[in-house]
Amino acid sequence: MDRQSETVSINNKGAAGSAALIAMSGGVDSSVAAKLMTDRGFSCMGCTMRLYENDMVGMDLLDTCCSLKDTQDARAVCEKLGIPYNIYHYENEFREKVIEPFVSSYEKGETPNPCINCNKYLKFRSLYERAEELGFDHIVTGHYARIEERDGHFYLKKAVDPAKDQSYVLYDLTEEQLSHTCFPLGDHTKEEVRRIAAEMGFVNAEKKESQDICFVPDGDYGAMICRFRGKKYPSGPIVDMAGKQLGTHNGIINHTIGQRRGLGVPADRRLYVVKLDIPNNTVVLGDNEDLFHNRLRIRDFHWITGQMPKGDVSCSAKVRYRQKEQPATLTLNGKEGDAAILTFDEPQRAITPGQSAVCYDGDIVLGGGIIDAVI
């Protein structure tokens, strides 16, 4: 039997007798995911994960995934599909596993991606535990990614639509989690998803997508962190690479590597944040070329499939969500969760601690981890 015949796409696998719990945000993607699963014969139930209340982040979150309007939209879609719907509360877990690490990471001079922890701990751990208790075989989300079963292993793959691919924020999933997950949108483009929603008459067919972190809808991370901690962060010096003071910042949490705008310092050329010196509460500026590095250390590295190899692995990798993967060499010690070294063939711009480095073999996600430092 050749490899092709041994490969099964989980996204299109038959569903005789299978039951699926659909995570529904109220948006068009998860709504169409629910529709596709019912078409494939799954016995489905929709649910919304209630993750936070307004007082947790200190602002009125009317247009986010936990708003009343979104739960109403999710319920309306479930009614149209003829499937049950429920709301489950995870506010305490979300605060502990997502918001608190997000704030702590900023306080350490990092720039985290909270969606990764939300996927790891909430959607694909807590929600699956709930699904298992209720007798569901799979959980389903509206992520644009694919899962493939091959030779007894489960692989996470990029979506067919490169403009929508979300495999980067899913690298922390395990084979066990992948074996009980479906991503029905992985084989579709956004245009196809909008068309299906319109044909079904879904109330959210034309609903706009949120581009911000759900609990910081205005994009002002610094203000959210100050509200969450109940304090203001001290000002400090802004210096150049030689240590000469150029100005004063209004809290180091308001800055990130590669930032150019909002620095508030006079200069005869464009300057960028190249380092955040937390012990000295100092923001260091430099030229664009000072932002380029080709070697970094990754902490908490997670290898998705099979036994983690030892030594060097040729791969492609990216260090932020919207970056195109670049050729690199990953150096591993064969132990899950340990530090790894990633060396790009060519220097990459603004490698930022707290973000994730994710490694690929073609369209298969090998794994990834949190960027600890450039070295």
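Q: Hi! Before we dig in, what counts as a helix or a strand here?
A: Both are DSSP runs numbered from the N terminus: helices are H or I with at least four residues, and strands are E with at least two. Also keep in mind that this is a predicted model.

Q: Good to know. How many helices and strands does the protein chain have?
A: There are nine helices and 18 strands in the protein chain.

Q: And how compact is it?
A: The protein chain is as compact as a globular protein of its length, because its radius of gyration is 22 Å, close to the 21 Å from the globule rule for 375 residues. The C-alpha trace spans about 70 × 50 × 35 Å along the principal axes. Buried residues account for 53% of the 375 residues.

Q: Let's turn to backbone angles. What is the phi of Asp 300?
A: Asp 300 has a positive phi, about 55 degrees, although it is not a glycine. You'll find Asp 300 in strand β13, and at 46% relative accessibility it counts as partly exposed.

Q: What about Asp 151, where is that one?
A: Asp 151 sits in the loop between β6 (145-150) and β7 (153-158). Its phi is positive too, at about 50 degrees, and Asp 151 is not a glycine either. With a relative accessible area of 38%, Asp 151 is partly exposed.

Q: Switching to electrostatics: how many salt bridges does the structure hold?
A: It holds 21 salt bridges. One of them pairs Asp 73 with Lys 207, with the closest N and O atoms 2.9 Å apart. That pair links distant parts of the chain, 134 residues apart: Asp 73 is in helix α4 (residues 68-81), and Lys 207 is in the loop between α8 (190-200) and α9 (221-229).

Q: Is Asp 73 buried or exposed?
A: Asp 73 is buried, with a relative accessible area of 5%.

Q: Which residue does Arg 195 form a salt bridge with?
A: Arg 195 pairs with Glu 199, the closest N and O atoms being 3.1 Å apart. Both lie in helix α8, four residues apart, which is about one turn of the helix. Arg 195 is partly exposed at 44% relative accessibility, while Glu 199 is exposed at 58%.

Q: And what does the pair of Asp 372 and Arg 297 tie together?
A: Asp 372 lies in strand β18 (residues 364-374) and Arg 297 in strand β13 (residues 292-303), so the pair ties together parts that are 75 residues apart in sequence. Their closest N and O atoms are 3.0 Å apart. Asp 372 is partly exposed, at 26% relative accessible area, and Arg 297 is partly exposed as well, at 31%.

Q: Which residues do salt bridges that share partners join into one network?
A: Arg 146, Glu 148, Arg 150, Lys 157 and Asp 363 are joined that way.

Q: Last topic: which residues gather in the patch of negative charge on the surface?
A: That patch brings together Glu 93, Glu 96, Glu 129, Glu 132, Glu 133 and Glu 176. The elements giving two or more residues to the negative patch are α5 (91-107) and α6 (114-134). The largest share, three residues, comes from α6.

Q: Where does Glu 132 lie, then?
A: Glu 132 lies in helix α6. Glu 132 is exposed, with a relative accessible area of 51%. The cut-off for exposed is over 50%, so at 51% Glu 132 qualifies.

Key: Residues are numbered from 1 along each chain as its sequence is written. This is a predicted model: local features need pLDDT of at least 70, side-chain atom pairs count only at pLDDT 80 or more; totals for chains, interfaces and linings use all residues. Side-chain values use heavy atoms; hydrogens and water are left out. Patches are made of residues with over 30% relative accessible area and no salt bridge: like charges are joined within 9 Å, nonpolar side chains (Val, Leu, Ile, Met, Phe, Trp, Tyr) within 5 Å. Accessible areas come from the Shrake-Rupley method with a 1.4 Å probe; for residues, only the protein chains shown count as cover. A salt bridge is a side-chain nitrogen of Lys or Arg within 4 Å of a carboxyl oxygen of Asp or Glu. Lys and Arg count as positive and Asp and Glu as negative; His and the chain ends are not counted. The place of a charge is taken as NZ of Lys, CZ of Arg, CG of Asp or CD of Glu. Buried means under 20% relative accessible area, exposed over 50%, partly exposed in between (1.4 Å probe, protein chains only). The radius of gyration is taken over C-alpha atoms; the globule rule is 2.2 Å times the number of residues to the power 0.38.
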